Amino acid sequence: IKGFYRGMFFPFVTTGAINSILFGVYGNHMRQLRRVCHSDYQREQLEYKHMFLAGSIAGFVQSFIACPIELVKVRLQTQFC
């Protein structure tokens, strides 16, 4: 049980930064994709595709930050006392 809590402080502190990056990238890409559409009908037709594309890009960007943080957490948890 002690090993579980050992590596939790670092991800706990960085979770806010990761989420802000994710939602920031997602929001910016959604705004850019909506500018491409010239009519309301076009926006409605492409809304799901735009959500998927913006979410994919945001997840890709976020993974470069989240993966090293998880690696640090796991290494801290598996250290021997």
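The model is predicted, so local features need pLDDT of at least 70 and side-chain atom pairs count only at pLDDT 80 or more, while totals for chains, interfaces and linings use all residues. Residues are numbered from 1 along each chain as its sequence is written, and side-chain values use heavy atoms, with hydrogens and water left out.

**Exercise 1.** Determine how the rings of Phe60 and Phe64 are arranged.

*Solution.* A search of the whole structure gives one aromatic pair. Its rings, those of Phe60 and Phe64, have centres 5.1 Å apart and planes at 90 degrees, so the pair is edge-to-face (Phe, Tyr and Trp rings, the last by its six-membered ring, pair if their centres lie within 6.5 Å; planes under 30 degrees apart are stacked, over 60 edge-to-face, the rest tilted). Because Phe60 and Phe64 are four residues apart in helix H3 (residues 40-78), about one helical turn separates them; helices are DSSP runs (H or I, at least four residues), numbered from the N terminus.

**Exercise 2.** Decide whether Phe60, Phe64 and His50 are buried or exposed.

*Solution.* The cut-offs for relative accessible area are under 20% for buried and over 50% for exposed, with partly exposed in between (1.4 Å probe, protein chains only). Phe60, at 52%, is therefore exposed, and Phe64, at 57%, is exposed too. His50, which is found in helix H3, has 11% and is therefore buried.

**Exercise 3.** List the residues that His50 touches, not counting those up to four places away in sequence.

*Solution.* Contact means heavy atoms within 4.5 Å. With that exclusion, His50 touches Met30, Leu33, Arg34 and Cys37.

Methods:
Helices (H or I, at least four residues) and strands (E, at least two) are DSSP runs, numbered from the N terminus.
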